[in-house]
Protein chains: 2
Amino acid sequence: MEAKKANILSPNSLGQNVNPDLDIERKNNSFSIEHLTNILDGGTNNTKLRREVEAVLEADPEFSQENLYFQNQNERYESAVRKTVYLSQKMAKMGWTVDGPEQNLCFKFLSDDLAFNIHVVFMKSILALGTDEQISKWIPLANKIFIIGTYAQTELGHGSNLRGLETTATFDVATQEFIINTPTFSAMKWWPGDLGRTATHAVVFAQLYLKGRCYGMHPFIVQIRSLRDHSPGQGITVGDIGPKMGFENIDNGFLILKNVRVPRENMLAKFSQVLPDGQYKKQGSEKINYFTMIVIRVNILRSSVIPCLMKACTIAIRYSVVRRQSELKPGDPEAKILDYQTQQQKLFPQLATAYAFHFICDYLQDTFQKCYNQTKEGKFDLLPELHALAAGIKVITTDYCTAGVEVCRRACGGHGYSLLSGLPSIYTKVVPSCTYEGENTVLLLQTARFLIKCYGMAQMGQPLPSSVAYFSSVNFGKCQAQEKMDFLNPDIYTDAYKHRALRFTRNAAMKLQQLVQAGKTQYEAWNQCTVQLARAAMAHSHYIVVQKFTEELEKHAKESAIWRILKNLCDLFALHGIFSNAGDFMQDAYFSTEQIDRVTETYLDLLTVIRRDAVPLVDAFDFSDARLNSALGSYDGHVYQRLYEWAKKSPTNHQDDRVFKTYLKPLFQNALSKL
Amino acid sequence: MEAKKANILSPNSLGQNVNPDLDIERKNNSFSIEHLTNILDGGTNNTKLRREVEAVLEADPEFSQENLYFQNQNERYESAVRKTVYLSQKMAKMGWTVDGPEQNLCFKFLSDDLAFNIHVVFMKSILALGTDEQISKWIPLANKIFIIGTYAQTELGHGSNLRGLETTATFDVATQEFIINTPTFSAMKWWPGDLGRTATHAVVFAQLYLKGRCYGMHPFIVQIRSLRDHSPGQGITVGDIGPKMGFENIDNGFLILKNVRVPRENMLAKFSQVLPDGQYKKQGSEKINYFTMIVIRVNILRSSVIPCLMKACTIAIRYSVVRRQSELKPGDPEAKILDYQTQQQKLFPQLATAYAFHFICDYLQDTFQKCYNQTKEGKFDLLPELHALAAGIKVITTDYCTAGVEVCRRACGGHGYSLLSGLPSIYTKVVPSCTYEGENTVLLLQTARFLIKCYGMAQMGQPLPSSVAYFSSVNFGKCQAQEKMDFLNPDIYTDAYKHRALRFTRNAAMKLQQLVQAGKTQYEAWNQCTVQLARAAMAHSHYIVVQKFTEELEKHAKESAIWRILKNLCDLFALHGIFSNAGDFMQDAYFSTEQIDRVTETYLDLLTVIRRDAVPLVDAFDFSDARLNSALGSYDGHVYQRLYEWAKKSPTNHQDDRVFKTYLKPLFQNALSKL
């Protein structure tokens, strides 16, 4: 217990050695950490490249995150702009290309510290929706950051329902211009990143009006600020929406447009254009654009959401072998808190979840690629399945990662509330993912609509998309597992997840049908089933994650140590899901009380199996101390010294004595004569 | 739809009228809002007094919270000190006495804005642990804030396990002083409020050493800063622990003591003293002190934790009748989001939970009083039950309120992430309650220990404490309910909760016994059962809350409208618990699949019943706009205007153009010639 024995007056020992309580955890792992890291990176070359890029960034003091937790919103914004501009120079110097693998690694490493995030979306939308002329006019400028754009879609009163957006763009034949307006308070653009204090241009989504008729939502490039002095253009009111939970580095903004005129050629016109005489012309299919959204979703999961859970696990598990509290047995030294069953039950399912979601991204990526290839040949039949999958997996991933991060944070006791632990900012980073890029409840119901449709197809004996092929199983009967070991059989638990998802889908479908037969409209009936529909979609997505994790195992069948540890994680993920949702699995007596009791025992036994490899399993995520930026989670485990060293730098310790002189001294002097 | 029609250029209409979408919700309530408010306040006189005090505070610009969300930690601290000093002057002027009902109302109203919170605990600990001489020396000074104290118990390495604290106090007979030391890094005092930048004194808990022998933890009054210039005393290092999730108004601190000497009379000596020759003398029983902790817990639940959930419900439910999104039926105007079943399923259980917990506090208070009266007569036999109850109810209340606040916040979509919604700061206020005043897992296991003991007594046919009297029921058999309506019978669902709690307790007790019989030590066996023990304690606490809610109903049997609405809430709370934990209730086939399906239907039907009264039910909490401090939740429902008006005041909109000039202008000028 080096940390505890250290003399308080001795020189700072940080970085010199590893806390023995943590060190010993790395002496007994059942598998090669480096090998697992390579698997997570997708190959040794990727690990190598990642480490090279990270080393470059870490060695550069411009990218230091040292004072991050002490900065206010204005300071975070300024620092993000500075770092982003500097990064583009650095990349040029390093020969790292735009959109190359190094850039992605930089973004992943520095994400909370960068600005101009939506500028990227601005560019992607021009590339996707613009004509060749529009692309060649705007993209070179945007690529070099000579202009900065934002994507102004969401309004104060409208997020999920895009058709309800209220901003208008009315074509004026006389001047060949669109007149763009914010007709109501709720129509104000609200939330777009980079809009508040940065962007010079915006892709503004507005209802297109031609000769009094509305043609629906269309995108327009609008210059909103002067390139010369940054002042807002005529008729434009623009600003920052103020303080938020998280995202302090980003200037989310508002935008009001009053008779703002943009030339006809500023409507992004790849799929529809307005002719000089005000005629509307549609061309091509926008379906292909749908892929942009899916790509964005997968990227967010992989580079932003899942790493949050991995980081939180790393911090909480390392801390839990350094923190000692109470005796497990009277007279013994205080125990590592990770040796308590309750602490294992909090943290290990999160660890298993992080691995499960890592592998599901690979699957989603593959499915995406297959679908994209088909689409290029003009076939769109995989699209509904891809949408349902991507939506459901986005929901379960963001929902579980968010809950998991908070479990990890709270498992660190009081210190989990200190920003210096890194955990609060991981939470505020991950939780918005439940809302942005498709609100989770809205997405679940989209997945549910696909499931209901497929359930109907199954009833009629039609062929089914592969992810729902199990709908054609007539009857699952009851679970056949008897012994505890049976529940470690992937077929057993995968079948259980299938049964649960199908049961929920069938229930919802039957209820829908009954309500309609009883005279309700389709819409009323649908609304009255949405709680159950959302559950069905969640159960289906859960099944997919379990199923794909078991398939991942097969890829490692020949690497027995890696296979075994991944198998343990897969089992833990699956059994934790049954343990936590036992009622779902006991429907139709699929599991009996005795079987659920055995699942519980098998699950609890797994916790002690994972215990041995817990630290190696988080080490395999291979986060550098700089990337974790946590006083609790560093590789060397000197948590108490680090908390103290960092706290001393807090601005709250470097204030003048104004508060004392103004408010306290006049009170305290009354006690002087008495003490 | 006033809000939507308002011309964006018209003068600000805030406060002039109520948004019709919200107004109409108040025209159709099934009960008297004022009557329900009186019940919640504990009588019409209390409502009157509360409103009088709130009116005084709201009318005083010194207490304005207008810029709260824009302030950094240093500004929050300074503002809290200023307001607290001002409040004590104001109270004197108003004739409101210290510890009087008005003071409590002030604290409840201003809680996030005040400083010196732990100063109160400093005083209470002197009153509880000090001799008459010590009380008369310190309390008059502390009462007038001529000195400010803190309660320095928690250490960097020790929270829950007080016996493990490492600070030492060694008696020096020669000088008649205690020498207090922080022997290790982890022994540093860490977290105490008011310590970081304010306190002049501290009650420091340290292991008492007399002639080389340790006598355990004792409290010592230590002066830590000069009253004259606020500099730390000799051998003292003190400072602020830096940024945290929430509690920005409070200066949580660290404290290192190096050979700090305090006179013998500074050990608080009501229950044990050190004689001049270094002899140790114990006197009286400290058991009575235990009540202080229980009182603090009940007060925190009532004045701080439960109001967080009530506020979050108020904000989210009012917003959900103003926010419109998508059509329920094609062609209809966009629907209020509260009309979607999924939104009801998010918010209404939280509303029912807030009411359930409000009433459980009354019960806890009564039990406390009964127990306290007995103790004064020297009888301590109710104490273990009181402890188990208070611990379990603290856990379920803080846990559910925390989860509920976050559900409400996330139910507000993107705007729930804006600090201006008020919701993020409600979350950061409520969540630490899961950790402070007894970490929830630790407390649950204390309750579980009581349950296991009582289960053993039940097995031996001994008489049981009233809260666990149901343990003597030999067998609950199966639930007898058939029709949907049967599940609205409180006896039916209360029995189900009993069965669940007893089942979990019995399972854990049997597993404990089996493990011991198989050769495990008591301690190993206990650790291997803690996940299940914690579940048993949670299930028992859940049962108590349901049970006491049904008893509350009986008090209102003659007020049919109030009775009916409370009955709906009670049913909703109980059935939501079954719906969400179905597996627990299906154990031993207590509920069949068909019965669970019927519970689900009954539960979902209740949502539509509550819908009508949703806004009146949150209005009954009677939060003023000033107290809510939410752009989304104000009484008039003008959410979009208010978000905009407030955002404009953000410091992010009042910066100079340094960022533009330094980083952006040099880039943008490259585009000037091209656009």
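Mentor: Let us begin with a term we shall need for the sheets: two strands are taken to pair if DSSP finds at least two bridges between them. Please also keep in mind throughout that this is a predicted model.

Trainee: Okay, then what is the strand order in the open sheet of chain B?

Mentor: In chain B the order is S4-S8-S7, an open sheet of 3 strands with antiparallel pairing. Strands S4 (189-190) and S7 (236-240) of chain B are at the edges and have a single partner strand each, so one side of each has no neighbour in the sheet.

Trainee: And how many bridges join S7(B) and S8 of chain B?

Mentor: S7(B) pairs with strand S8 (residues 253-257) of chain B over 5 bridges, in the antiparallel sense. As for individual residues, B:Gly239 stands opposite B:Phe254, which belongs to S8(B).

Trainee: What about chain A, what is the order of its open sheet?

Mentor: In chain A the 3 strands of the open sheet are ordered S4-S8-S7, with antiparallel pairing. S7(A) and strand S8 (residues 253-257) of chain A are joined in the antiparallel sense by 5 bridges, and A:Thr237 has A:Ile256 in S8(A) as its bridge partner.

Trainee: Switching topic: what rotation superposes chain B on chain A?

Mentor: A rotation of 180° with 0.0 Å of shift along its axis does so, with an RMSD of 0.0 Å, and that is the relation of a two-fold axis. Within chain B, the C-alpha nearest the axis belongs to B:Gly583, at 1.6 Å from it. Both copies use the same surface, in that 100% of the contact residues of chain B recur in chain A.

Trainee: How many residues does the contact take from each chain, and what area do the two bury between them?

Mentor: The contact takes 142 residues from chain B and 142 residues from chain A. Between them the two chains bury about 12,200 Å², and 63% of that is on carbon and sulfur atoms.

Trainee: How many salt bridges are there across that interface?

Mentor: The rule finds 10 salt bridges across the interface of chain B and chain A, together with 50 residue pairs in polar contact. The largest share of the side of chain B that touches chain A comes from helix H23 (residues 658-672) of chain B, which supplies 11 residues. To look at one salt bridge in particular, B:Glu78 forms one with A:Arg658, where the closest N and O atoms are 2.9 Å apart.

Trainee: And over all chains, how many salt bridges does the structure hold?

Mentor: Over all chains the structure holds 84. Another example is the one between the side chains of A:Lys336 and A:Glu25, at 2.8 Å from N to O. A:Lys336 is in the loop between helices H9 (290-322) and H10 (341-376) of chain A, while A:Glu25 is in the loop between helices H2 (20-23) and H3 (33-41) of chain A, so the pair ties together parts that are 311 residues apart in sequence.

Trainee: Last topic: which residues of chain A does UniProt list for the C-terminal domain?

Mentor: The unreviewed UniProt entry lists residues 489-668 of chain A as "domain: Acyl-CoA oxidase C-terminal"; over those residues the chain is 76% helix and 0% strand, with the end C-alpha atoms 71 Å apart. UniProt also annotates residues 33-148 of chain A, again in an unreviewed entry, as "domain: Acyl-coenzyme A oxidase N-terminal", a span that is 71% helix and 0% strand, with its end C-alpha atoms 42 Å apart.

Note on methods. Residues numbered from 1 in each chain as written. Chains lettered and ligands numbered in written order. Predicted model: local features only at pLDDT ≥ 70, side-chain atom pairs only at ≥ 80, totals over all residues. Heavy atoms only, no water. UniProt positions renumbered as here; feature names shortened; annotations may be inferred. Helix = DSSP H or I, 4+ residues; strand = E, 2+ residues; numbered from the N terminus. Least-squares fit on C-alpha atoms with pLDDT ≥ 70 in both. Contact = heavy atoms within 4.5 Å. Buried area = accessible area lost by both parts, 1.4 Å probe. Salt bridge = Lys/Arg side-chain N within 4 Å of Asp/Glu carboxyl O. Polar contact = N/O pair within 3.5 Å; in protein donor to acceptor, adjacent residues only side chain to side chain.
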